[in-house]
Amino acid sequence: MNTAPVKTGWRFRQPSVIPGFGLTLGFSLAYLTLIILIPLSGLVWRSAALGWADFWAIAADRRTLNALKISFGTAFLAAVVNVVFGTAVAWVLVRYRFPGRRIADAMVDLPFALPTAVAGIALTTLYAPNGWIGQLLMPLGIKVAYTPLGIVVALVFIGLPFVVRTVQPIMEEIDKEVEEAAATLGANRFQIITRVLFPGLAPAIITGFSLAFARGVGEYGSVIFIAGNLPFKSEIAPLLIVIRLEEYNYEAATAIAAIMLALSFLMLLVVNLVQTWSRKRYG
Amino acid sequence: MADPEIKSYELHHESQSAAVTESRPVKAVLMAIALAFLAVFLLLPLIVVFHEALAKGIGAYTEALSSPDTRSAIRLTLLVAAISVPLNVIFGISAAWAIAKFEFKGKAFLTTLIDLPFSVSPVISGLVYVLLFGAQGLLGAWLKAHGIVILFAVPGIVLATIFVTFPFVARELIPLMQEQGNGDEEAALSLGASGWQAFWYVTLPNVKWGLLYGVLLCNARAMGEFGAVSVVSGHIRGLTNTMPLHVEILYNEYNAVGAFAVASLLAGLALVTLVLKTLLEMRYGAEIAATRGH
């Protein structure tokens with residue numbers, strides 16, 4: 001052998017003078033396993049025990065398909081709205097100075113702090129036909145509460161901070177000199193935004209979009225009040241899980257949950273691929 | 001706002017060509033759109049909560065809050081938070097110590113697993129415990145034979161709450177402790193401190209504001225969780241109804257004042273959380289550092 005003497009070989013961990021590795025890692029793993037991993041694998045085990053035919057019958061059920069379509073469709077729309085307005089909000093908060101900016105900035109986190117049930121009844125009251133916003137939209141023929149549009153409104157509320165808080169720090173780091181360089185080279189403001197600024201922000205915008213989307217797909221509390229919950233029309237997948245549970249139909253609840261989890265992970269995977277691609281594409 | 005640095009930045013850019021900043025009208029339009037969006041989507045819902053709670057006067061408001069069912073919902077919410085938040089704090093500190101202070105195989109994977117509850121729907125977080133502890137569940141028969149009640153009782157609510165608030169403290173502390181490195185602890189140890197002393201007198205003071213930040217967010221979610229708790233609670237009035245669940249029941253009974261009165265307490269909690277969070281970020285921004293978000 002012409003290699004240097006190998007003293008260590010494969011090591012689970014690097015040596016360190018700091019004590020407590022076994023204790024803290026052991027406790028963390030035990031807690032993680034008991035609270036998260038065992039219960040989640042119970043779900044996987046139960047859906048695997050269903051068998052393919054039963055699983056397929058539940059998945060292909062029209063009501064299940066519609067609920068999944070509504071959950072993913074409204075979450076997608078809401079995430080798109082949040083990308084547009086969330087990026088604008090982040091831009092205004094980062095670039096402009098105006099009285100009340102601190103308060104506006106702090107307000108962005110409200111959806112993280114406000115319990116979803118509270119958001120749900122508040123939004124429903126606002127957008128109901130006799131509500132403050134609902135009665136303004138009524139003459140225009142727009143109904144929000146108790147329609148799929150209401151679901152989108154609730155998910156816009158829930159998802160906004162995910163986009164703003166992902167895009168904002170990246171915007172703060174943009175080097176002004178890059179913009180100035182582009183300007184001296186003759187680029188106008190529009191070109192600078194689309195060709196210089198946007199590519200740098202794209203990965204953050206995609207991350208914000210996917211976080212808002214993922215959260216929207218699983219959201220329950222704020223949606224069930226405003227949705228109207230009509231099967232095939234405005235019934236979201238998490239609600240259908242709850243309905244199946246209340247019917248003691250554990251199989252159906254498990255199968256829908258497994259489909260939702262699988263789709264969410266698939267989506268995260270796709271987003272990761274897109275991000276890797278956009279980093280390569282835009283450096 | 002009186003920051004001199006910011007002012008000079010502004011002045012500097014006022015004098016620049018239009019290519020490095022938007023023109024005044026564009027600025028005004030952008031600001032109007034962004035602020036109107038925030039007002040409609042964030043401010044109005046908050047205002048409507050207090051408006052509806054006080055719609056029938058202060059008397060009806062206090063009366064709604066003093067009903068026995070509401071009181072027991074408040075007590076249960078406080079109890080659940082008082083159990084689940086400290087447990088997640090112990091886990092968060094322990095996981096951050098193992099992950100930030102040591103290099104070991106599978107660290108990235110472990111960090112990913114800790115974030116897992118964030119990508120699971122709250123309803124599914126509750127469902128997994130029903131599948132485990134329910135009558136038809138894997139452990140259902142065994143629990144029944146031993147007379148242990150978890151589901152549709154306080155232990156189930158606590159477990160579901162721990163599940164959804166699991167990552168908050170850990171994900172706040174891990175990047176913070178990684179950034180601070182091991183130097184301080186190594187110095188303390190070399191001067192003869194025990195491992196426990198190094199943690200208590202060196203590490204903990206270093207991360208205290210970050211820890212408080214994590215606890216704040218963890219607590220807000222623990223007290224406000226709806227979906228997961230709704231699945232495991234069984235909705236027994238006066239016994240297994242937390243405040244958010246009680247809001248739902250009152251609202252569905254068309255008791256708007258009652259529902260919004262309880263909701264106003266939760267909204268108050270949210271406002272206090274936001275104010276403390278903002279103060280922490282202003283004062284100790286550098287010490288909380290790294291990851292912002294949820």
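## A loop residue in chain A

A:Tyr248 lies in the loop between α12 (237-246) and α13 (250-282) of chain A, where helices (H or I, at least four residues) and strands (E, at least two) are DSSP runs numbered from the N terminus. The model is a predicted one, in which local features need pLDDT of at least 70 and side-chain atom pairs count only at pLDDT 80 or more, while totals for chains, interfaces and linings use all residues. Residues are numbered from 1 along each chain as its sequence is written, and chains are lettered from A and ligands numbered from 1 in the order in which they are written.

Most residues other than glycine have a negative phi. A:Tyr248, a residue other than glycine, has a positive phi near 60°. A:Tyr248 counts as exposed because it has 11 C-beta neighbours inside 10 Å; a residue is buried if 20 or more other C-beta atoms, placed from the backbone, lie within 10 Å of its own, exposed if 12 or fewer, and partly exposed in between.

## Helix α9 of chain A

Which residues of helix α9 (residues 176-184) of chain A are buried? They are A:Glu179, A:Ala182 and A:Ala183, and because these residues cover an arc of only 100° around the axis, they sit on the same side of α9(A), the arc being that of the directions from the helix axis to the C-beta atoms. An α-helix has 3.6 residues a turn, so residues three or four places apart point the same way.

The exposed residues A:Glu177 and A:Thr184 are carried on the face of α9(A) turned away from its buried side, whereas α10 (189-218) of chain A is included in what covers the buried residues. After α9(A) comes A:Gly186, with a positive phi near 100°.

## Contact between the chains

In chain A, 77 residues are in contact with 82 residues of chain B, two residues being in contact if their C-beta atoms, placed from the backbone, lie within 7 Å. Helix α1 (residues 21-49) of chain A supplies 14 residues, the largest share of the side of chain A that touches chain B. That side has 56 nonpolar, 13 polar and eight charged residues, with Ala, Val, Leu, Ile, Met, Phe, Trp, Tyr, Cys and Pro taken as nonpolar, Asp, Glu, Lys and Arg as charged, and the others, Gly among them, as polar.

## Chain B as a whole

Chain B holds 14 helices and zero strands, and its C-alpha atoms fill a box of roughly 75 × 60 × 30 Å, taken along the principal axes. Of its 294 residues, 44% count as buried. Among the contacts in chain B with a separation of 6 or more, 74% are accounted for by residues 24 or more positions apart.

## Helices α6 and α8 of chain B

Helix α6 (residues 122-133) of chain B packs with helix α8 (residues 154-165) of chain B at an angle of about 135°, and their axes are 9 Å apart. On the side of α6(B), the residues that meet α8(B) are B:Pro122, B:Ser125, B:Gly126, B:Tyr129 and B:Phe133, and their counterparts in α8(B) are B:Gly156, B:Leu159, B:Ala160, B:Phe163 and B:Val164. By class, the residues of this contact divide into seven nonpolar, three polar and no charged.

B:Phe152 is found in the loop between α7 (140-145) and α8 of chain B. Although B:Phe152 is not a glycine, its phi is positive, about 55°, and with 18 C-beta neighbours inside 10 Å it counts as partly exposed.

Notes: Axes are lines fitted to C-alpha atoms, for helices over the stretch in contact, and angles run from 0 to 180 degrees between N-to-C directions.
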